Amino acid sequence: MATSTFLQTVKNIRSSKSLEALSEFWAGQMGYRRMGLVYDDLIPEENPLVQEAVRRLPPREFQDRLYRFRTAFNLNIGHNELPKKEWVTAEQLHLLIRSMTHRIDHTLDH
């Protein structure tokens, strides 16, 4: 009984608006969005699963990813960031690599 109460409490916390707002604030403070990057760009490619996911990206997404890396690199060299209107917002996030790694991992397990 106590376990189900605990699990329900955790579910309520995870779906709360305050936690969502805190998560959004924290993501903004990390700085990668200010450089034009999305969260998936931060995933290290040393993992074979991630390498396969990147290989399976559609050509346009792959080119966009390279462009984001080049832009972020050039901004970093100059100790700059994009103008605020060009920052990546939560609505613009593409989580293709994470979803693709889950699919690849699932197919490898079966």
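Helices (H or I, at least four residues) and strands (E, at least two) are DSSP runs, numbered from the N terminus.

**View 1. Overall fold of the predicted model.** Along the sequence the pattern is α-α-α-α-α, with 5 helices and 0 strands. Of the 110 residues, 25% are buried (under 20% relative accessible area; exposed is over 50% and partly exposed in between; 1.4 Å probe, protein chains only). This is a predicted model, in which local features need pLDDT of at least 70 and side-chain atom pairs count only at pLDDT 80 or more, while totals for chains, interfaces and linings use all residues. Residues are numbered from 1 along each chain as its sequence is written, and side-chain values use heavy atoms, with hydrogens and water left out.

**View 2. The largest nonpolar core.** A nonpolar core is a set of buried Ala, Val, Leu, Ile, Met, Phe, Trp, Tyr and Cys residues joined through side-chain atoms within 4.5 Å. The largest one has 8 residues: Ile43, Val50, Ala53, Val54, Leu57, Ile97, Met100 and Ile104. Helices α3 (48–55) and α5 (96–109) are the elements that each give two or more residues to this core. Another core, of 7 residues, lies apart from it and includes Ala27, Met35, Leu37 and Leu82.

**View 3. Surroundings of isoleucine 43.** Beyond its neighbours within four places in sequence, Ile43 is in contact (heavy atoms within 4.5 Å) with Val50, Arg65, Ile97 and Arg98.

**View 4. Methionine 30 in helix α2.** Met30 belongs to helix α2 (residues 17–30). Methionine 30 counts as partly exposed because its relative accessibility is 46%.
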